[in-house]
Every structure is written in structure tokens, then in C-alpha cells.
Amino acid sequence: MLEHYIKILELNNLGRCLAKVIVNIAYGLLLSKKPTMRQIALYLPVEGQKQSRVNRVWRFFHKVHISQKDFTRAFIETIPKIVRNRYVIIDYTSLKGYDITLFIAFMPYRGRSIPFYGRVLRLKDLDNLVYRSKNEFLELCMDEVLEMVPFKAVVIGDREFGTHRFLTYLEGKGVEYVIRMAKNRVVNESGMNVEVGKLSIGKHYVQWRGLSFYIGKRDNPKKKDRLWIVAYSKGLVSRNSLHIALIYLKRFQYEQPKG
């Protein structure tokens, strides 16, 4: 099986030796309990003592000269058939005490998630007009993510991504999505304006400032006094609100790593 992925990378203009190393690293990362060099080394599909395998991983990350973007492209080519889904989870993470926000994209796999893309937004980047806005930064990140993944992605995100501009961006790209909505968001259903928090449990077809999509509303099994209100694209219309909620649940996998 690994030989198949090595050949894929060779077709992407990587030498066989480097392609083999990348596939082995990706395989070790997929099976490891957490993304540390020792854990990856533990699952490398190669012969040798434990320390020699650790040394191999260390040499790769410290000695191999390959851009992050090229490595990500090569890595991501090896995992779609193993992951066997087309979900991409997106999230922002802020570093406490620093004026830094990280945009990260993941793929869910076996109850956890594999990060495959990250980009840093610094406060000074906005002050110095490196990006005109956080929205521009987000769209740049998404352009790169969508270019990288070798499948038509279903994007999963929390409330901070449930903005009119971002949903318009996804619709314009023809990208399917499952995005949580703020409960005070006002939409139009059957000619009536209503806050999404006041919609009944189930599936609703709504319009919002020129956009049309579905909203699925379900009880939150983790917290009985709360609801999940999730917007999803028309391409997922065959799913009922429970199925949509289960898709959205995948977002929590990156917050709950195994081991």
C-alpha cells in the first residue's frame, strides 16, 4: 500500500528517496497517539532500533530542505484514501500573552484529527496592512487549503466562521459546508424574518441577505440546556438534522486527542 503513495509523490516531481521518507513519516504520524518525534518513530514502517528510528525522524525535520507548503502538498496526497472522508475542519487558536492568531486546518481520522495546514496572523500584520482585514487573511488561507486537498471538501467550522462574507466566499467557490450559527442571527424562512435560535428542532430552508442554505437544529447531548444550530449548504440537503449534527461533532476531535 505504501508503495502506491510513494509513486504518487514521485509523479509530483519528488525523488524516490525523499518520497519514501515522507510516506513513512506520514504513516508514523497517522498511527501515533500524539505528533511527537518519538511517537512517529515508534510507528515508522522500517527496520532498526528505536533510537535509530528517532534519529531518522529528527534528520528529516532538521536536515531536509523542503518548503512547508511543498511538504504539506506531498503529505496530503498520502492520506485521503486512508482517512476515507472529505471533511476539512477549520479553527482559529490564539496564543495567550502574544498578539498572534493561528489558522489551522485538520482532517478527522479515527476519533481525532490530523492538522495539515497552519498560518500565523500577527496583530502587526493588520496594522501594517499585510492583510487589509482578518477576512482577507481567512480567504487567503482557504484558497491555499482548497488548492491543496485532492477532493471536494466539506468545510466544518464554529460560530466565528458563520459570517455572511465567509459563507458567500464558500458558496462562490462551490464548497459545501457545515458551520455553526449564532442563535441571534436573523434569517428569512417562508417570507418571515426569524432568529435562528427561535426555529424549531429539525431542518429549515432559509435565506440570508442573498444566500440560501439549510439550518439544522438539534439538542446538544453533551449539555442538555444547549442547542446546536448549524448552517449547511444545499449540496447536503439529503442529510437530516441528526446527520448534520454528527458531521459537526467531528469539529471536537481536534480538541480531544487520544492518549
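User: Glu139 has a relative accessibility of 18%. Is Glu139 buried or exposed, and how do I read the number?

Analyst: Compare the value with the cut-off. Buried means under 20% relative accessible area. Glu139 has 18%, so Glu139 counts as buried. Keep in mind that this is a predicted model.

User: Which partner does the side chain of Glu139 meet in a salt bridge?

Analyst: In a salt bridge, a side-chain nitrogen of Lys or Arg lies within 4 Å of a carboxyl oxygen of Asp or Glu. Here Glu139 pairs with Arg165, at 2.8 Å from N to O. The two sit in distant parts of the chain: Glu139 belongs to helix α8 and Arg165 to helix α9 (residues 164–173), 26 residues apart. Arg165 has 39% relative accessibility, so Arg165 counts as partly exposed.

User: Which residue forms a salt bridge with Glu136?

Analyst: The partner is Arg132, and the closest N and O atoms are 2.7 Å apart. Now compare accessibility. Glu136 is partly exposed at 23%. Arg132 has a relative accessible area of 70%, so Arg132 is exposed. A search of the whole structure finds six salt bridges.

User: How do I read the length of helix α8?

Analyst: Count the residues, then check the reach. Helix α8 covers residues 134–148, which is 15 residues. From its first C-alpha to its last, α8 reaches 21 Å, close to the 21 Å expected at 1.5 Å a residue.

User: Which residues of α8 are buried?

Analyst: Start with the general idea. An α-helix has 3.6 residues a turn, so residues three or four places apart point the same way. Now the case here. The buried residues in α8 are Phe137, Leu138, Glu139, Cys141, Met142, Glu144, Val145 and Met148. Find them on the helix above.

User: Where does His204 lie, and is His204 buried or exposed?

Analyst: His204 lies in strand β8 (residues 202–208). Its relative accessibility is 8%, so His204 counts as buried. Next, look at its surroundings. The side chain of His204 reaches the backbone oxygen of Ser200 at 2.7 Å. Set aside neighbours within four places in sequence, and His204 is in contact with Glu189, Leu199, Phe213, Tyr214 and Ile215.

User: Which residues form a nonpolar patch on the surface?

Analyst: Met37, Trp58 and Phe61 form one, with about 270 Å² of accessible area together. Trp58 lies in helix α4 (residues 50–63). At 37% relative accessibility, Trp58 counts as partly exposed.

User: How many helices and strands does the chain have, and what share of its residues is buried?

Analyst: There are ten helices and ten strands. Of the 259 residues, 47% count as buried. The chain exposes about 14200 Å², and carbon and sulfur atoms supply 51% of that area. Finally, take the contacts with a separation of 6 or more: residues 24 or more positions apart account for 46% of them.

Definitions and conventions: Residues are numbered from 1 along each chain as its sequence is written. This is a predicted model: local features need pLDDT of at least 70, side-chain atom pairs count only at pLDDT 80 or more; totals for chains, interfaces and linings use all residues. Side-chain values use heavy atoms; hydrogens and water are left out. Patches are made of residues with over 30% relative accessible area and no salt bridge: like charges are joined within 9 Å, nonpolar side chains (Val, Leu, Ile, Met, Phe, Trp, Tyr) within 5 Å. Accessible areas come from the Shrake-Rupley method with a 1.4 Å probe; for residues, only the protein chains shown count as cover. Helices (H or I, at least four residues) and strands (E, at least two) are DSSP runs, numbered from the N terminus. Buried means under 20% relative accessible area, exposed over 50%, partly exposed in between (1.4 Å probe, protein chains only). The expected span of a helix is 1.5 Å times one less than its number of residues. A polar contact is a pair of N or O atoms within 3.5 Å; within protein, one must be able to donate a hydrogen and the other to accept it, and residues adjacent in sequence count only if both atoms are side-chain atoms. Contact means heavy atoms within 4.5 Å.
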